[in-house]
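Hi,

Here is the structure I promised to pass on.

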Amino acid sequence: MISEKNWAKELAKSLINLNQLAEKSIVPASDLQDLQKVKDTFDIRVPNLFIDDIVKGNNALAKQFIPSKNEIIFLPEELEDPIGDSRWSPVEGIVHRYPDRVLFKPTYLCGVYCRFCFRRNKVSDSANNIKSDNAKIAIDYIKSHKEIWEVILTGGDPLVLTDKILQKLLEEISSIEHVKILRFHTRIPSVLPSRVTDSLIQILKNTNKSIWIAVHMNSSEEFTEEAKTALAKLIDNGIPVVLQSVLLKDINDTNIQLVSLLKSAIENRVKPYYIHYPDLAKGTEHFRIPLKRAIELIKGLRGQISGLCIPHLIIDIPGGNGKIAINTHTARESKKNTWEFESPLDGTKITVQYP
Ligand SMILES: *Cc1c(COP(=O)(O)O)cnc(C)c1O
Ligand code: SF4
């Protein structure tokens with residue numbers, strides 16, 4: 001199909017090696033030797049769509065996608081599997097940490113390789129992709145676990161799969177009666193919007209399940225005209241889209257940058273769902289801000305901007321112990337039936353009688 005060829009062509013235009021980056025003066029030639037060490041461990045893929053903006057000096061995009069020498073600095077607390085996927089993986093490709101929902105990872109390829117990715121030790125290597133025999137075992141696992149209400153397709157990025165493979169996969173999952181929800185975790189609408197084709201929409205609509213898309217975007221600059229069109233196409237076709245972001249130093253860690261990201265989402269009918277404090281992935285220290293500052297930043301949004309814009313701050317503590325939603329305005333019972341609150345308007349402490 002013509003449309004499928006278009007997005008494959010666009011994907012092929014992304015920059016995947018250091019010489020390409022040096023040619024465009026995106027990285028200095030003097031850094032090439034150090035950066036080669038980074039590239040040997042963590043692959044590069046910079047979307048064609050962002051190259052002009054990066055060349056013009058857009059830091060929010062550059063820092064997310066251009067390799068840095070900081071990535072070869074590993075801290076002792078940084079882990080290969082920072083959120084404990086393997087602990088909860090009963091069969092290859094499945095992570096079953098919460099009873100009613102599983103992650104299903106059909107591929108480890110993505111439309112971009114984010115320098116802070118929490119699965120960076122696995123992504124980009126097609127050798128990690130699930131083979132068809134094991135994919136069948138994964139589907140059988142979902143079939144035999146009646147408590148699974150939701151399947152979250154993630155990876156990697158499930159929307160880099162071809163229409164044919166995706167269609168077959170969705171048909172198989174759709175045949176499982178107890179699965180009601182199919183959620184995609186994807187960066188595609190932002191990094192490869194041409195992939196949101198009419199045939200993709202048809203494939204999604206043909207499933208008899210409720211489809212939800214959680215799009216990963218971290219800065220307002222990612223809301224390009226192309227991304228807006230792709231998001232609108234999904235939403236106009238009845239597919240709800242929520243936003244997942246990672247709180248990243250220099251990218252969205254100021255009030256101005258964060259408000260701009262969250263408002264852009266709501267302006268495009270995308271509901272901010274989670275903002276993740278960065279996981280302890282290897283070589284990512286330069287992306288983390290103090291947790292205390294992260295909490296203050298999110299707390300400051302309440303009252304400042306529309307409640308529609310405000311996501312939950314999430315931290316996925318190491319060891320596979322699960323996602324913690326951090327409450328920024330906690331209610332405190334100071335004595336029996338006396339509760340203390342902090343006003344989101346000016347921070348004053350207010351006590352109220354509640355049982
Ligand atoms: C994040 C995650 C989910 C989804 O969690 P929600 O809070 O429902 O968004 C499910 N399973 C695993 C293993 C996860 O890491
Ligand atoms: S798109 Fe997602 S899985 Fe892929 S590199 Fe970025 S954060 Fe990791």
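How much of the chain over residues 96-308 is helix and how much is strand, and how far apart are the end C-alpha atoms? Keep in mind that this is a predicted model. That stretch comes out as 34% helix and 17% strand, with 30 Å between the C-alpha atoms at its ends.

Now to the ligands, starting with ligand 1. Ligand 1 sits in the largest pocket. Around ligand 1 you'll find Val95, Arg97, Tyr98, Arg101, Leu103, Ile152, Arg183, Tyr273, Tyr274 and Lys323. Sorted by class, that shell has 6 nonpolar residues, 4 charged ones and no polar ones.

Which strands each supply at least two residues of this shell? They are β1 (94-98), β2 (101-104) and β7 (271-276). The biggest giver is β1, with 3 residues.

Some side chains also come up to oxygen atoms of ligand 1:

- Tyr273: an N or O atom of its side chain is 2.6 Å from a ligand oxygen.
- Arg97: the distance from a side-chain N or O atom to a ligand oxygen is 3.0 Å.
- Lys323: here too, a side-chain N or O atom is 3.0 Å from an oxygen of the ligand.

How much of ligand 1 does the protein cover? On its own the ligand has 390 Å² of accessible area, and the protein covers 92% of that.

On to ligand 2, which sits in the largest pocket as well. The residues around ligand 2 are Cys110, Val112, Tyr113, Cys114, Cys117, Val123, Gly156, Arg187 and His216. By class, this shell has 6 nonpolar, 2 polar and 1 charged residues.

Which residues does UniProt list for "binding site"? The unreviewed entry gives Cys110, Cys114 and Cys117. From this set, Cys114 and Cys117 belong to the lining of the largest cavity. As for Cys110, you'll find it in the loop between β2 and α6 (132-144).

Cheers

Terms used
Residues numbered from 1 in each chain as written. Chains lettered and ligands numbered in written order. Predicted model: local features only at pLDDT ≥ 70, side-chain atom pairs only at ≥ 80, totals over all residues. Heavy atoms only, no water. Near = heavy atom within 4 Å. Polar contact = N/O pair within 3.5 Å; in protein donor to acceptor, adjacent residues only side chain to side chain. Areas by Shrake-Rupley, 256 points an atom, 1.4 Å probe, with all protein chains shown as cover. 1 Å grid on protein atoms, 1.4 Å probe; cavity = no way out; pocket = protein on both sides within 12 Å on 5 of 7 lines; lining within 4 Å. Sits in = over half its atoms within 2 Å of the grid points. Helix = DSSP H or I, 4+ residues; strand = E, 2+ residues; numbered from the N terminus. Nonpolar A, V, L, I, M, F, W, Y, C, P; charged D, E, K, R; others polar. UniProt positions renumbered as here; feature names shortened; annotations may be inferred.
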